[in-house]
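Here is a short briefing on one protein model. Please look over the sequence and the structure before reading on.

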Amino acid sequence: MQPRKIAFANQKGGVGKTATTLGLASAAAAQGIDVLVVDADPQGNSTNGLSASLEEGQLTTFDLMNSTQTGRAAEAIVATEWDHVDLIPTDSQLANIESDGSNDLIFRLDIAFEGVDLSSYGLVLFDCPPSLGKILFSVLCAADGVVAVTEPTIDAVDGVVKLSETIELVRRRPNPSLAFDKIVVSRKRGTGEHSFREGELRSEFGDLVARTVIPDLAARQDAHSARTPIHKHKGGKSLRLQVAYDDLLQELRQEVSA
């Protein structure tokens with residue numbers, strides 16, 4: 001059975017997309033679930049965070065999107081230093097894809113995964129760039145579902161609305177089965193402003209907003225800087241983040257499969 005391919009997206013940077021992607025990978029790995037992370041962000045934060053050793057000639061997401069080759073994704077998968085987590089890495093060349101005018105560009109990533117046996121993985125997680133450009137469109141053509149990651153700020157509702165419009169555009173033709181799985185409130189602080197903005201999101205989108213909220217804690221950045229799974233990180237209230245990502249993983253797996 002092929003795993004669900006989930007894209008983590010938002011047009012805004014710094015909202016916690018990579019942290020959520022890697023936090024869920026850490027939670028799954030801690031349960032013995034094998035995960036494939038696909039880094040589709042030219043900034044390469046997931047690639048760096050997973051501390052993958054890339055040999056010369058290693059294929060990246062740029063290579064998968066720079067030509068049309070069926071099943072090539074299988075050749076791009078590398079092991080990481082995290083137990084149970086593999087990676088398709090990226091590099092800065094991926095940014096050049098935005099200027100590619102090829103007619104088949106947005107389908108190339110999907111074609112690269114065509115026929116690839118991913119049945120050994122429980123999850124495939126795409127870390128997307130902070131934009132609504134061609135790279136994101138390409139990921140949405142290849143994905144089964146989308147999770148919007150957002151901070152509870154004044155721009156949160158507008159950002160999610162724009163992403164939902166992009167999802168609907170992709171649904172109309174290239175990927176009609178694409179689902180909007182969840183909205184995850186990330187990097188929440190204990191302020192009245194954040195609570196108010198979270199309330200706005202829940203009022204606007206209802207049950208689409210995940211019950212689990214990811215708190216803004218220094219342990220997240222500390223673990224990332226150490227290139228360590230949050231479930232193996234000690235101190236800095238890391239246990240709160242571990243519990244949050246465990247709960248979010250359970251929520252996603254339960255509700256998406258329901």
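**A buried histidine**

His231 is buried, with a relative accessible area of 18%. Buried means under 20% relative accessible area, exposed means over 50%, and partly exposed lies in between (1.4 Å probe, protein chains only). The model is predicted: local features need pLDDT of at least 70, side-chain atom pairs count only at pLDDT 80 or more, and totals for chains, interfaces and linings use all residues. Residues are numbered from 1 along each chain as its sequence is written, and side-chain values use heavy atoms, with hydrogens and water left out.

**Around His231**

- His231 sits in the loop between α9 (218-225) and α10 (238-257). Helices (H or I, at least four residues) and strands (E, at least two) are DSSP runs, numbered from the N terminus.
- The side chains of His231 and Ser26 make a polar contact of 2.7 Å. A polar contact is a pair of N or O atoms within 3.5 Å; within protein, one must be able to donate a hydrogen and the other to accept it, and residues adjacent in sequence count only if both atoms are side-chain atoms.
- Ser26 and His231 are 205 residues apart along the chain, yet their C-alpha atoms are separated by 6.1 Å.
- Neighbours within four places in sequence aside, His231 is in contact with Gly23, Ser26, Ala27, Ala30, Gln242, Tyr245 and Asp246. Contact means heavy atoms within 4.5 Å.

**Around Asp100**

- Asp100 is found in the loop between β4 (85-88) and α5 (108-113).
- Asp100 is buried, at a relative accessible area of 15%.
- Its side chain makes a polar contact of 2.6 Å with the side chain of Ser102.
- A polar contact of 3.2 Å links the side chains of Asp100 and Arg108.
- Setting aside neighbours within four places in sequence, Asp100 is in contact with Asn66, Leu105, Arg108 and Lys134.

- His84 has a phi near 70°, a positive value in a residue other than glycine. His84 is found in the loop between β3 (78-79) and β4. With a relative accessible area of 36%, His84 is partly exposed.
- Arg187 is not a glycine either, and has a positive phi of about 55°. Arg187 lies in strand β7 (residues 179-188). Its relative accessibility of 21% makes Arg187 partly exposed.

**Around Leu208**

- Leu208 lies in the loop between α8 (192-205) and β8 (209-215).
- Not counting residues up to four places away in sequence, Leu208 touches Phe180, Asp181, Lys182 and Ile183.

**The whole chain**

- The protein has ten helices and eight strands.
- The C-alpha trace spans about 50 × 40 × 35 Å along its principal axes.
- Of the 258 residues, 54% count as buried.
- Among contacts between residues at least 6 apart in sequence, 79% join residues at least 24 apart.
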